[in-house]
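Trainee: Please take me through the helix packing and the cavities of this model.

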Amino acid sequence: RGFTWHNTQRATMESSPESPCGAPGAMPFDFHGLVDLPFECQRAIIDRLHWREVLALESTCSHLRDLVSNDEHAWRVRCEMRFTPEELVVAVDDATTWRERFMRSVKRGMKAVSNARPLLDLADNTVVHFRKFEEAQRRLAGITFQDVREFIAAERSSPTLLVLAGMVECMAREPKVEPAEVVGMLKDAGCEASGKSVRLTQWLLGRLEGVGYRLR
């Protein structure tokens with residue numbers, strides 16, 4: 001998604017699923033002439049970009065930096081499209097702008113995944129003590145559904161246990177994310193949910209201290 005550069009220095013911009021406008025289709029334009037377009041056209045183009053691309057665009061020049069950072073309406077729409085009302089309450093925190101609220105929540109999700117990943121970066125069918133999974137779950141506490149989609153499910157390198165931990169976090173909290181939403185998220189991210197089964201088997205001596213669980 002976003003800009004696809006060609007030798008002619010023209011780009012193709014496709015609508016992003018998180019864009020405030022969300023209009024489908026693609027529209028070619030000359031990036032170097034973006035700042036010469038009417039103000040509303042500039043905003044319409046930026047509204048269709050993924051948030052990562054918006055940040056990249058923001059760093060190109062002072063005009064686009066001001067246009068992006070000062071557009072509170074667009075950042076509010078991004079927040080409302082990415083977060084549920086309950087998640088948004090947490091994202092608000094003590095932030096003073098919608099852009100700050102959005103970025104704080106996204107950074108919080110990225111940090112949570114980064115902290116949990118080393119604990120569950122294991123091959124499928126690897127024996128792991130359940131306490132390790134619980135610790136990873138604790139580190140993922142409060143992660144949003146879109147964080148799981150973007151930072152875990154969409155990453156091809158994510159181990160199965162990390163995907164499971166993200167799914168559990170979303171489905172265990174209140175209000176719960178419906179299982180159908182999780183399956184839809186996995187399919188959208190390119191995961192073949194029907195091709196894998198996740199089972200938790202407690203060993204016969206699993207109640208004894210130090211004996212683990214097999215998650216696969």
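What follows is a set of questions and answers on cavities and helix contacts.

Mentor: The model is predicted, so local features need pLDDT of at least 70 and side-chain atom pairs count only at pLDDT 80 or more, while totals for chains, interfaces and linings use all residues. Residues are numbered from 1 along each chain as its sequence is written, and side-chain values use heavy atoms, with hydrogens and water left out.

Trainee: What is the volume of the second largest cavity?

Mentor: On a 1 Å grid over the protein atoms alone, a cavity is a set of points where a 1.4 Å probe fits but cannot get out, and lining residues have an atom within 4 Å of a point. The search of the whole structure gives 2 cavities of 30 Å³ or more. For the second largest cavity, the volume is about 40 Å³.

Trainee: Which elements give two or more residues to the lining of the second largest cavity?

Mentor: The lining consists of R43, I46, D47, V54, L67, V68, D71, W75 and R78. Helices are DSSP runs (H or I, at least four residues), numbered from the N terminus. The elements asked for are α1 (39-46), α3 (62-69) and α4 (72-82).

Trainee: How do α6 and α7 lie relative to each other, and what is the angle?

Mentor: Axes are lines fitted to C-alpha atoms over the stretch in contact, and angles run from 0 to 180 degrees between N-to-C directions. Angles under 35 degrees count as roughly parallel, over 145 as roughly antiparallel, 65 to 115 as roughly perpendicular and the rest as oblique. Helices α6 (residues 98-120) and α7 (residues 130-139) have axes 8 Å apart. They are therefore roughly antiparallel, at an angle of about 170°.

Trainee: Which residues of α9 make the contact with α6?

Mentor: Helix α9 (residues 160-172) packs against α6 at about 130°, with the axes 9 Å apart, and the two are therefore oblique to each other. Contact means heavy atoms within 4.5 Å. On the α6 side the contact is made by V113, A116, R117 and L120, and on the α9 side by L161, L162 and A165.

Trainee: Which residues of α8 make the contact with α9?

Mentor: Helix α8 (residues 145-153) and α9 pack at about 170°, their axes 9 Å apart, which makes α8 roughly antiparallel to α9. From α9 the contact takes L162, V163, G166 and C170, and from α8 it takes F145, V148 and I152.

Terms used
1 Å grid on protein atoms, 1.4 Å probe; cavity = no way out; pocket = protein on both sides within 12 Å on 5 of 7 lines; lining within 4 Å. Points joined across faces, edges and corners; volume = space filled by probe spheres on them.
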